[in-house]
Amino acid sequence: MAWSLFPEELAELGCPGSALETFRRLHRPWTWKDGAPDLGSGIRRWLEGVADLTLPRIVEGLGSSDGSTKLALELGDGKRIEAVHMPRKVRNPRVTYCISSQVGCAMGCTFCATGSMGILRNLQPGEIVGQVLALMAGLGPQRGHELTLVFMGMGEPLHNLDHLHRAIRLMCHPMGLGLGKGRITVSTSGLVSGIEKLAKLEPRPLLALSLNATTDEARSRTMPVNRVWNLARLRRALDDWGLRRGEKLTFEYVLIAGENDTEADAQRLADWLGDLRTGHNLNLIPLNEHAASSFREPGEDGVQRFSDWLKARGCFVTVRRSRGRDVQGACGQLVKEKG
């Protein structure tokens with residue numbers, strides 16, 4: 001795909017004129033005309049002869065009452081993925097995209113709707129980049145510096161690490177979107193082999209870990225990845241990550257009524273975090289219910305009680321109210337097998 005090629009690769013393919021300028025025009029939607037890159041007829045004809053210029057196509061958009069929009073995008077082979085566009089009203093307005101890395105997911109987490117699909121295929125680097133470009137062209141923002149990306153959509157990002165990281169490199173290119181690596185977060189269910197490999201790559205995005213249980217028995221029951229890499233092995237991978245100055249990890253804990261919400265769970269969670277309990281973000285996420293799972297969200301009192309237990313043990317806790325819940329666009333609710 002044209003969106004997966006670096007300037008030097010465009011040059012090697014025989015790009016007429018400046019390959020760097022062609023890359024810039026491809027990767028900056030704010031320079032496009034009528035929803036497509038303004039390339040000039042000669043370069044467009046050449047590019048169509050050596051690469052695919054098809055973008056993922058937005059085929060459905062469901063607006064939430066909280067201002068976010070859940071989007072279905074159709075890929076070149078007709079398969080569909082989902083993404084969420086989330087504007088934030090802050091002093092310097094930004095938009096966060098929750099984007100996908102796979103069609104479906106192989107990890108099989110029992111509380112997640114995407115896991116019920118199984119894995120259909122990986123997204124190619126150009127499809128990952130194209131997903132972002134299509135959202136920017138369709139809904140904004142107008143510049144890369146206004147954008148934050150979280151790989152928390154469909155798929156296990158580290159299960160598709162080679163394609164994922166090429167896409168990150170493309171989006172961080174200064175002649176393209178120019179994203180800073182600190183504005184990209186990759187969330188994993190605990191794929192230790194991927195964590196260890198990502199730790200050594202540049203640019204290295206921020207890391208988020210979906211934890212969701214405090215014993216190996218409970219975590220293996222809801223997250224099959226734990227049967228391969230248990231909690232102790234996962235904690236060693238974080239020790240080996242090699243935190244850099246100012247870098248923070250994010251921990252995601254989906255709170256499920258009657259499953260992982262006791263005071264004993266809070267104590268074990270704080271113990272497992274150890275020295276990471278302060279200075280890093282522990283996001284407490286009340287379960288977002290969906291038809292593919294029988295699990296239930298905890299009541300408001302239960303969420304507050306669990307949060308208080310963690311804070312009393314020195315944890316830095318934020319209760320995250322997932323956006324897009326009313327349109328099934330919240331954490332764990334994305335599923336799109338066919339049109």
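Here is a short walk through the salt bridges of this structure. The model is predicted, so local features need pLDDT of at least 70 and side-chain atom pairs count only at pLDDT 80 or more, while totals for chains, interfaces and linings use all residues. Residues are numbered from 1 along each chain as its sequence is written, and side-chain values use heavy atoms, with hydrogens and water left out.

Let's start with the overall tally: the whole structure holds 20 salt bridges, each being a side-chain nitrogen of Lys or Arg within 4 Å of a carboxyl oxygen of Asp or Glu. Some of them join up, as Asp 77, Lys 79, Arg 121 and Glu 127 are linked in a network.

Now turn to Glu 196 and Arg 233, whose closest N and O atoms are 2.5 Å apart in a salt bridge. This pair links distant parts of the chain, 37 residues apart: Glu 196 sits in helix H6 and Arg 233 in helix H8. (Helices are DSSP runs of H or I with at least four residues, strands are runs of E with at least two, and both are numbered from the N terminus.)

Next, Arg 221 forms a salt bridge with Glu 259, with 2.7 Å between the closest N and O atoms. Arg 221 lies in helix H7 and Glu 259 in the loop between strand S10 and helix H9, so the pair ties together parts 38 residues apart in sequence.

Finally, look within helix H9. Asp 265 and Arg 268 meet in a salt bridge at 3.0 Å, N to O; being three residues apart in the helix, they are separated by about one helical turn. Asp 265 is buried at 7% relative accessibility, whereas Arg 268 is partly exposed at 34% (buried means under 20% relative accessible area, exposed over 50%, partly exposed in between, with a 1.4 Å probe and protein chains only).
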